[in-house]
Amino acid sequence: MAEFKLMSDLVTDVQRELSQVPGIGTQAYSEDYIVQLLTAGFKVVFREEFWPHLSEWFQKTLDGSTGQWSGAGVDVYVLQDVRCVYGPKDRYRPLPHLPRHINPYEIAGTTPRYVEGRNGASTGKPFRIWPLAATGTITFQARVMPDDEVFLSSSSDEVPFDDLTLVYYAAWQYIENDGSNPGQAEKLKNMFEARLAQEKKNLANLPIDLDPRMAQSNSEWVELP
Amino acid sequence: MGMNRLVKPIRRHTNAIKTATTREFDGGWNVIDNDLNLDTRFAKTLKNMYRGQDGAIRVRQGNRLFADVGESTIVNVEYFIAVLVVACENGKLFTVNGLGEVTLLFDSAVAASLPGRPAAWGTTVFASFVASKGHLIVLNGIDKPLDISPSLSISYLADPATGSNAFVPRAKYGRQHGDYLVLAGDPLAPSTVYISSKNTSGVFFGAPAPNDGVNVDLSTKVPTGDTTIKGIGRYRDRLIILFAECALVGSLGTYSGSTHVPEFSDPVDLYGAVSHRAIHTFGDDILFTDHVGVQAFTKSIFNTSLKPERVSELVDPEIQKSLSQLTIEALEDRVFAVHNRLEGQYILFIPNDDDNVTETRGFMFTNLRALKIAHWAEIRGWNWRSGCRSQQGRLFFTNGSQIFLMGSEQDPIYADFVGDQETFDDETVFTDGLGFTPVADITDSGLPIAFEWIPPWQDLDKRSNSKLTKFIGFDTSGTATFTVDMFVDNLLTDPSDLGEAFTDDLVFSDDYGFETETPTYTPSLSMSFAGGDRLGFGGDGFGQDFGGNRPSRNEQIYSWPAKGKILKLRFHGETRQPLRIVSYTLGYLEASIRR
C-alpha cells in the first residue's frame with residue numbers, strides 16, 4: 001500500500017470518518033469543504049518540520065549586484081521555508097540572518113555575510129545576500145510546496161504526506177464546526193496530534209551526528225596507525 | 001504541542017446539533033393560507049403527488065393504452081356489465097371488453113334495423129349515462145335517449161307498452177332515484193325535470209295509462225340565479241337538482257290520490273353545479289362542482305335536512321382560476337369528475353380551453369372519513385375528455401379515440417401513456433410534452449410523470465433565530481430519482497425573471513416575456529437522490545452500473561450546509577418509476593438572531 005494517497009481518496013476517508021455517505025460526487029456540499037480542510041491540514045504540517053521528502057538542495061551563482069542569483073527562481077517563496085544558506089566553500093557554518101541593528105549598505109566586500117528574507121512570490125527568490133555585491137555560488141536547502149494541482153480532488157498526483165495525519169485533521173475541523181459529538185471531536189484532535197508527533201519522532205531514527213566535522217566514514221585524509 | 005495554538009479555543013458544548021423530522025403530510029395541497037405561516041402538514045404545491053393511505057407523499061399512478069375505437073373522438077365512457085360503453089362525437093356507440101376488443105354497438109345501420117327504422121344519433125359533443133333498472137340509458141340533449149339492455153342490445157328508450165318514444169324527452173342527463181328515472185337538460189325546457197312513471201324507464205308524462213309520470217318546471221322554485229338545470233344528483237333518499245347558483249333538495253314517491261307529487265321544498269342557496277358529469281354520490285357524500293369549487297352535502301346531525309359544505313376551500317382559488325377560462329357551454333360539456341373507489345378519491349378534471357384543449361387539469365380530493373383523511377392534490381400532464389370507473393374500481397379515461405387504464409395499487413403503472421407514447425433515449429420528450437408514437441416496445445414505453453412537492457416555509461420553532469443546516473436525510477421507498485432544492489429566507493424565485501422570451505431571445509416592448517407557469521427558482525442548495533429501493537452500485541440496470549445516484553434511505557448523512565431563518569424544501573423530478581417520501585430530516589445548529 002502506497003504511503004501517500006490521492007486527494008479523492010483522502011476525501012473518501014474523511015467522509016467515512018464523519019459517517020457521511022462516501023463516494024465520488026456523492027456529497028455535493030461537503031467535498032469541496034473537505035478538500036479545503038485537507039489542503040489546510042497539509043499546509044499546517046508542511047511548516048511544522050523540514051520534512052526530508054519535501055525538502056531540496058539548491059545551488060545558485062550570485063549576480064554580484066542584487067544579492068540574488070541570476071536566472072530562474074525556485075519553488076520557494078518565503079524565508080521560513082529555507083532551512084540554511086551556505087556561502088561559497090562554507091562547509092559547517094550557514095550564513096546568519098541580517099542583524100536588525102546594522103546598516104547593510106555599509107557592509108563592504110564580495111564575500112556573502114548575511115541572509116535577508118524577501119517576498120519571493122513572483123520571483124522564486126525568497127532571500128538576498130548581503131553585501132549585495134557578494135559573488136560566488138551559494139547553496140541552500142528549502143522545503144518545496146507541491147503544485148496546487150495535487151490538492152484538486154480530480155488530481156492523479158498523490159498528496160505527499162501521511163494520510164492519517166491529514167484525515168484526522170480534516171475530520172476534526174469538520175466535526176468541530178458541526179458542533180456534534182464533542183467527544184468525537186476531541187478524539188480526532190488527539191489522534192491528529194499523536195499521529196503528527198509520531199511522524200516527527202520517526203524523523204530522529206537515524207543516528208545524529210553531534211559534530212559534523214567528525215564524519216562517520218573516511219571521507220578525509222587520515223593517518224593510519 | 002504547537003498545534004494547539006492553531007485552533008481557537010471554543011466553548012465546550014454537548015451535541016449542539018439538532019434534528020427536525022417532518023413526516024405528517026395529511027393536510028395536502030393548500031393555496032389559501034400564506035405559506036410563511038402554514039403547518040408542514042400542508043403543501044403549497046403538490047403536483048402529480050399525493051398523500052397516500054400509508055401517510056407518505058407519493059407519485060400518482062400513470063396509465064396505459066387499453067383500447068382505441070379508431071374513428072372518432074370519444075365524448076363519454078361508462079362501465080356497464082363487464083364492458084365499457086363508449087359514445088363518440090360522430091354519434092356512434094361502441095363497447096370495449098376486458099381484452100380491449102372494440103365492438104360497434106350503435107350507428108345508422110343498427111338504428112335502421114330497429115322497428116320503425118329510426119335515424120341514428122347525429123354529431124354530438126356531449127353524452128351522459130344513467131343506469132336504470134339494469135339498463136344503461138345514454139343521453140346527449142339533442143337526440144332521443146338510447147337504452148342498452150343487459151345483453152347489450154340497443155334501442156331507443158321507449159314506452160314498453162307502445163314502443164313509442166314520443167314522450168321521452170331529449171334530455172341531456174338523468175338520475176335513477178328510487179322507483180323513478182329522472183331526466184333533465186331538455187334544451188326546450190331547461191328548468192323542467194321529467195320524472196318517469198313508477199317502476200319504468202321509458203314511460204313519461206303524456207304516454208298512455210298506466211302512467212303516473214310527471215313533468216315539473218322548477219323555475220319558480222329557484223331562489224338564486226339561472227333556472228337552467230345543470231345536473232341531477234342523489235343523496236340517500238333525496239333527489240338533488242342543481243342549478244348554477246343553488247340546489248333544490250327534493251323527494252319523490254309522495255302521491256295525491258294516484259297523482260305523483262314530487263316535493264322540492266328545500267332550496268339551498270349558493271351551492272350549485274357547472275356540470276352534471278362532475279356530480280358523484282358515494283356513501284355519506286355527494287360531491288359536485290360549481291363556480292366556486294367542490295361542494296358537498298352531508299346529513300345534518302340535528303334534523304333530517306342536508307347540510308352544505310365547501311370541501312375545496314383550501315384549493316378554491318386554483319379551481320376558480322381553471323373554471324374562469326371556460327364558457328358556460330364548455331363547463332357543461334367538458335368538466336367532469338371520476339370517483340376512485342379504491343382510494344376514496346374524487347378527481348375533478350377541467351380543460352384548459354373551450355376548443356383547443358391541450359390539458360385537463362385535475363384536482364384530486366382524497367376523502368377517507370374512517371381515517372380522518374381529507375386532502376387535495378393537483379394532477380397535471382393529462383388531457384382527458386371523459387372517464388369512468390369499473391365494477392372492480394379501475395379507472396378508465398379517454399383522449400381522442402383512445403381509452404387508457406389508470407394504474408392502481410394492485411396493478412401499478414408508473415408512467416403515462418404506456419403503449420401509446422415513448423421517450424427519446426435520454427428520457428426526454430418533445431417540447432409539447434408528447435412522446436414518439438407508435439411505440440417500438442410496449443413494455444419499455446410510456447412518458448415520465450413530472451412531479452413537484454413544495455412544503456411551506458419552516459422556522460424550526462425559532463422564527464427569529466438563524467439556523468445553520470448541516471445535513472439532510474430521508475425515509476423513502478421506490479426507485480425513482482428526485483431532486484431536492486432548499487430555499488432560505490423567503491428567497492424562492494428570481495424577481496429579475498421577466499418571463500420567457502421568444503425563440504429569438506426577444507421580449508415584448510414592455511421588456512417582459514411570456515408569463516411562465518414554472519417560475520425561475522433560486523435554491524440555496526440542490527441535490528438529487530434516488531428512492532430507497534434503488535439497488536445502487538452493481539445492482540442497477542444498464543446505464544446505471546455505478547448506482548446512478550445518491551441513495552435516500554441511508555442512515556449515513558448527507559452534507560446540507562446553508563444558513564437562514566426560515567427554510568423551505570422543494571421535491572421535484574420526472575420519473576417512470578415509483579417513489580414515496582415518508583419523511584425528511586434536517587440536522588441544524590441554532591444560531592443567534594442576527595442573520
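Two-chain model: a working chat

Modeller: The domain assignment of chain A gives domain 1 (5–49 + 161–203) and domain 2 (52–143); such bounds come from an automatic or database domain assignment. This is a predicted model, where local features need pLDDT of at least 70, side-chain atom pairs count only at pLDDT 80 or more, and totals for chains, interfaces and linings use all residues. Residues are numbered from 1 along each chain as its sequence is written, with chains lettered from A and ligands numbered from 1 in the order in which they are written.

Biologist: What separates the centres of domain 1 and domain 2 of chain A?

Modeller: The distance is 36 Å, taken over C-alpha atoms.

Biologist: And how many helices and strands does chain A have?

Modeller: Chain A has four helices and seven strands. Helices (H or I, at least four residues) and strands (E, at least two) are DSSP runs, numbered from the N terminus. The order from that end is β-α-α-β-β-β-β-β-β-α-α.

Biologist: What is the radius of gyration of chain A?

Modeller: Chain A has 22 Å, while a compact globule of 225 residues would be near 17 Å. The radius is taken over C-alpha atoms, and the globule rule is 2.2 Å times the number of residues to the power 0.38. Along its principal axes the C-alpha trace of chain A spans about 65 × 50 × 35 Å.

Biologist: Switching to the contact between the chains, how many residues come from each?

Modeller: Chain A gives 16 residues and chain B gives 21. Two residues are in contact if their C-beta atoms, placed from the backbone, lie within 7 Å. On the side of chain A that touches chain B, helix α4 (residues 182–202) of chain A supplies the largest share, three residues.

Biologist: Where are the cis peptide bonds?

Modeller: One runs from A:Trp130 to A:Pro131, with omega near -5 degrees. A:Pro131 sits in the loop between β5 (127–130) and β6 (137–143) of chain A. In chain B, a cis bond joins B:Ala209 and B:Pro210, with omega about 0 degrees. B:Pro210 is in the loop between β18 (192–195) and β19 (214–217) of chain B.

Biologist: Which phi does B:Ile81 have, positive or negative?

Modeller: Positive, about 45 degrees, although B:Ile81 is not a glycine. B:Ile81 lies in the loop between β8 (74–80) and β9 (83–88) of chain B.

Biologist: Why does B:Ile81 count as partly exposed?

Modeller: Because B:Ile81 has 16 C-beta neighbours inside 10 Å. A residue is buried if 20 or more other C-beta atoms lie within 10 Å of its own, exposed if 12 or fewer, and partly exposed in between, with C-beta atoms placed from the backbone.
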